[in-house]
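This briefing is meant to be read with the sequence and the structure side by side. Please find each named element in the picture before moving on to the next point.

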Amino acid sequence: MAISFTVVAQCPVTKARAGVLTTPHGQINTPVFMPVGTLGTVKAMTPEELAEINAQIVLANTYHLYLRPGHELVAEAGGLHRFMNWQRPILTDSGGFQVFSLGDMTKIDADGVVFRSHLDGSSHYFTPEKVMEIEAALGADIIMAFDQCPPWPSSREFVEQAVERTTRWARRCKEAQLNPSRQALFGIMQGGSFPDLRRRSAEALVEMDFPGYAIGGLSVGEPKEVMYAVLSQCVDFLPADKPRYLMGVGSEDYLLTGVWFGVDMFDCVLPTRIARNGTAMTSQGRVTVRNSAYARDFGPLDPNCSCSVCANYSRAYIRHMVKSNEILGHRLLTYHNLYYLLKLMEGARQAIIEGNFVQYYRRHLPLEEVDKYFNREE
């Protein structure tokens, strides 16, 4: 198999666990946050800077790279690792979410999806086999099966159809996978907010014996209470000896609560997106530096942060950069936000290993966030 996964520590009170995920391009210590590099670049960051802040793995997107520059060109360049000059692990999403959310006038048939490019309106056709061809050309260490992600809210009938389609497509992806010894194919659980459909989806995927499993269709607009209620059950439907990946989650509360519930991997555009809007993630909460209150604030973004941005630049200076539309402002905020989340996950892992994850969680969030969803012993 292309990857191996070992659980090295388990929290005795929660489902949180620390693990080691070994891939062809290196080891990943979990739980881990994966910065999103949709088009083969994490916006505003160089690969060297990502390595500097110890990003262990980045995510790129099949849909976007298929449209530009094209998967054939990436293959000609020697694969995505060589093309973007990143020698650590990469995960590529299948593009299923983008096909259904960005593509105009999608039409689903028995084999796949006809969709229109969000760039120029041109028509394209994705099947599970086509997605496997694209992801093989990109050459990521971990690749995702093609799935249908229902929007929130959706009727039970619609979600049930999406589960059935996602299951059929997952089987076809497995059969069509080109490089199973070099790329690990993860199945994606769907099921919306319906626990029985979540279980049905997971059981079908587990029977196919994927090397890892993703929890899809959450953080798509549903209330936090709904997400937590579903997530608290989802991990119980998945095998304990395989990595679990919650897709599209990047806020501090969702990350730490996901770890509490037993998730190993996370990704989201949130830290880079809010950086471009002038907002920093800090141990004291969100700081929107473009606000006038920070015009003469010569302190760091976060006094408890040890990143090079906080060591060398003030809130006032970064505000000046952002207000002046200088690229440096976005770069500094992006660097800090990613560093902050990577350190948050490193701290969670260390707390699990040391046996004090509940205390670590409590330092960041109130236990009320999770108590109602988890039978916790004091």
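In this predicted model, strand β14 covers residues 265–268, with Met265 and Asp267 pointing one way and Phe266 and Cys268 pointing the other way, and all of them are buried. In a regular strand the side chains alternate between the two faces of the sheet.

**Strand β14 and its partners**

- Strand β4, made of residues 32–35, runs parallel to β14 and is joined to it by four bridges, and within this pairing Phe33 stands opposite Phe266 of β14.
- Strand β13 also pairs with β14 in the parallel sense, here over two bridges, and Tyr245 is the residue that stands opposite Met265 of β14.
- Taken together with helix α10, the strands β13 and β14 make a β-α-β unit that is right-handed.

**The open sheet β1-β2-β3**

- Three strands, in the order β1-β2-β3, form an open sheet in which the pairing is antiparallel.
- The edges of this sheet are β1 (4–10) and β3 (26–30), and because each has a single partner strand, one side of each is left without a neighbour in the sheet.
- From one strand to the next, the twist averages 15°.
- Strand β2, which covers residues 17–23, is joined to β3 by five bridges, and the two run antiparallel; in this pairing the bridge partner of Val20 is Asn29 in β3.

**Helix α14**

- Asn337 lies in α14, which covers residues 327–354, and with 0% relative accessibility Asn337 falls below the 20% cut-off, so it counts as buried.
- If its neighbours within four places in sequence are left aside, Asn337 is in contact with Pro271, Ile274, Ala275, Thr279, Ala280 and Met281.
- Ala351 is also found in helix α14, and because its relative accessibility is 3%, Ala351 counts as buried.
- Leaving aside its neighbours within four places in sequence, Ala351 is in contact with Asn356, Phe357 and Tyr360.
- Although Ala351 and Ala9 are 342 residues apart along the chain, their C-alpha atoms are separated by 9.9 Å.

- Helix α8 has 14 residues and reaches 20 Å from its first C-alpha to its last, which is close to the 20 Å expected at 1.5 Å a residue.
- The buried residues in α8 are Leu197, Arg198, Ser201, Ala202, Ala204, Leu205 and Met208.
- Seen down the axis of α8, these buried residues fall within an arc of 165°, so they line one face of the helix.
- The elements that cover the buried residues of α8 include α7 (156–176), β11, β12 and α9.
- Just after α8 comes Asp209, which takes a positive phi of about 60°.
- In helix α9, which covers residues 224–234, the buried residues are Met227, Tyr228, Val230, Leu231, Ser232 and Cys234.
- Among the elements that cover the buried residues of α9 are α8 (195–208), β11 (184–189) and β12 (212–215), together with β13 (244–246), α10 (252–260) and α16 (368–371).

Notes: Residues numbered from 1 in each chain as written. Predicted model: local features only at pLDDT ≥ 70, side-chain atom pairs only at ≥ 80, totals over all residues. Heavy atoms only, no water. Buried < 20%, exposed > 50% of the residue type's maximum accessible area, 1.4 Å probe, protein only. Contact = heavy atoms within 4.5 Å. Pairing = 2+ DSSP bridges. Right-handed = clockwise from strand over helix to strand, strands pointing away. Axes fitted to C-alpha atoms, helices over the stretch in contact; angles between N-to-C directions. Expected span 1.5 Å × (residues − 1). Arc of directions from axis to C-beta.
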